[in-house]
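Here is a report on a two-part question: how is each chain built, and where do the chains meet? Please look at the sequence and the structure first.

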Amino acid sequence: MQPGASQKITLPGVKHVVAVASGKGGVGKSTVATNLALALHMLGRRVGLLDADIYGPSIPIMMGVHETFDPNTAQFPLDRYGIKLMSMGFIIKPEQAMIWRGPMVHKYLSAFLTQIPWGELDYLVIDLPPGTGDAQLTLTQTAPLSGAVIVTTPQDVSLIDARKGLEMFRQVNVPVLGIIENMSFFVATDGKRYEIFGNGGGKKLAQEAGVAFLGAIPIDPRVAECGDHGDPIVHKYPDCDIAKAYLNLATIVSAEIAKGGAPSELPGLQL
Amino acid sequence: MQPTARPIALRKEGDDRLRIDWSDGHNSIYAWKNLRAACPCAGCREEREKPPDPFRILKPAELAPLKPVGIAPVGHYAYKITWSDGHDTGLFTLEHLRQLCECDLCKKS
């Protein structure tokens, strides 16, 4: 793999490219992206998962990939649990800090999209880093995005940044498929529901923005435990309520993509 | 511009102009030289803010007539124009292109 100059990316074997984004860090984008990808796979789809967080890649640990590989000789994408994977975390040591400016991020992300043989996929899910910076710009400028899902938690401090993420996709004419509210509530052993991080923020944002509310994912300590142990909850506990929530989410995301269709390409001109 | 208006066709008009047909029925015309003069890249914006330097030494590429050599879409929201002097850092968003339109209708309004 040789990171080089960017080019328009067509990904001919990939039917839909879905970005999982948020303006905010720590809302669970990687957890949502990983479990959504697995849920889509459980629905019978061919799925890839690209970790676009160059500075803090999470997919290796979440998918149980503990070794690093030589990018000049390794066969990428990797395959775990039936999903094709690519991450910066596969080629750098976990303790290595990527102290890079934007052009380097752009080079590597473009390489991940253009030089990794993704093959035939129904969905390529892209786990974006927080914010609205270089990684987002690279993807919206070069990748054929079918749409973006915005992840938020219920509280206002998350919604403020989720709005920015949503507005970014609007400005670059990428369809926003909808809002996912993560860590929405906790059901205790007494059966009572506790809204630890507030109530209704995701639905409120969806309504304000005129996009679909895709669903609420409850808090479950097993989510973090599974993520840390490299076996995502949808795979390890496929019958639990969280897995059912993700399967439902995958069904809704598929339907939203089918409804909207990917935006058509802008016409060019040969000079 | 309607928020969802998109280019449906781009055409050269003679050697010196670009025409863009939009999905809302509008047809835009631009002189290439005016597009270069309005390049939105940070470098060009900074140059436009400086007073002209009468003693500036021209680069060899500036001595040849300036022409566009490529125009390509960037994502779903902009175009990048590459010029004969190698300049290619300007991204013209669809919104900006509509603002720059030189058609009679846009000039009047």
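The sections below take the chains in turn, then the core, a helix, the paired strands and the interface.

## Chain A overall

This is a predicted model. Chain A holds nine helices and 10 strands. Its radius of gyration is 18 Å, close to the 18 Å from the globule rule for 271 residues, so chain A is as compact as a globular protein of that length. Taken along the principal axes, the C-alpha atoms of chain A fill a box of roughly 65 × 40 × 35 Å.

Of the 271 residues in chain A, 48% are buried. Among contacts in chain A between residues at least 6 apart, 80% join residues at least 24 apart.

## Chain B overall

Chain B has five helices and six strands. Their order along the sequence is β-β-β-α-α-α-β-β-β-α-α. The C-alpha trace of chain B spans about 45 × 30 × 25 Å along its principal axes.

Buried residues account for 17% of the 109 residues in chain B. Take the contacts in chain B between residues at least 6 apart in sequence: 33% of them join residues at least 24 apart.

## The nonpolar core

The largest nonpolar core contains 89 residues. Those with the most contacts inside this core are V20(A), L36(A), V125(A), I126(A), A148(A) and V149(A). Helix α9 of chain A, residues 241–260, gives the core its largest share, eight residues.

V20(A) deserves a separate look. Leaving out residues up to four places away in sequence, V20(A) touches K29(A), V32(A), A33(A) and L36(A), among others. Its contacts also include V125(A), I126(A), D127(A) and L128(A), as well as V149(A) and V151(A).

## Strand β5 of chain A and its partners

Strand β5(A) is mostly covered, with six of its seven residues buried. Which strand pairs with β5(A) over six bridges? That strand is β1(A), and the pairing is parallel. In this pairing, V20(A) has D127(A) of β5(A) as its bridge partner.

Strand β2 of chain A, residues 47–51, also runs parallel to β5(A), and five bridges join them. Here D51(A) has D127(A) as its bridge partner in β5(A).

## A covered helix

Helix α4 of chain A, residues 134–142, is mostly covered: seven of its nine residues are buried. The buried residues are A135(A), Q136(A), T138(A), L139(A), T140(A), Q141(A) and T142(A).

What covers these buried residues? The cover includes four elements of chain A: β1 (14–21), α3 (102–114), β5 (121–127) and α5 (156–171). It also includes β4 of chain B.

At the interface, 15 residues of chain B are in contact with 13 residues of chain A. On the side of chain B that touches chain A, β1 (7–13) and β4 (68–74) of chain B each supply at least two residues. The largest share of this side, seven residues, comes from β4(B).

How do the residues on this side of chain B divide by type? They comprise 11 nonpolar, three polar and one charged.

How values were computed:
Residues numbered from 1 in each chain as written. Chains lettered and ligands numbered in written order. Predicted model: local features only at pLDDT ≥ 70, side-chain atom pairs only at ≥ 80, totals over all residues. Contact = placed C-beta atoms within 7 Å. Nonpolar A, V, L, I, M, F, W, Y, C, P; charged D, E, K, R; others polar. Buried ≥ 20, exposed ≤ 12 C-beta atoms within 10 Å, placed from the backbone. Core = buried A, V, L, I, M, F, W, Y, C linked by C-beta atoms within 7 Å. Pairing = 2+ DSSP bridges. Rg over C-alpha atoms; globule rule 2.2 N^0.38 Å.
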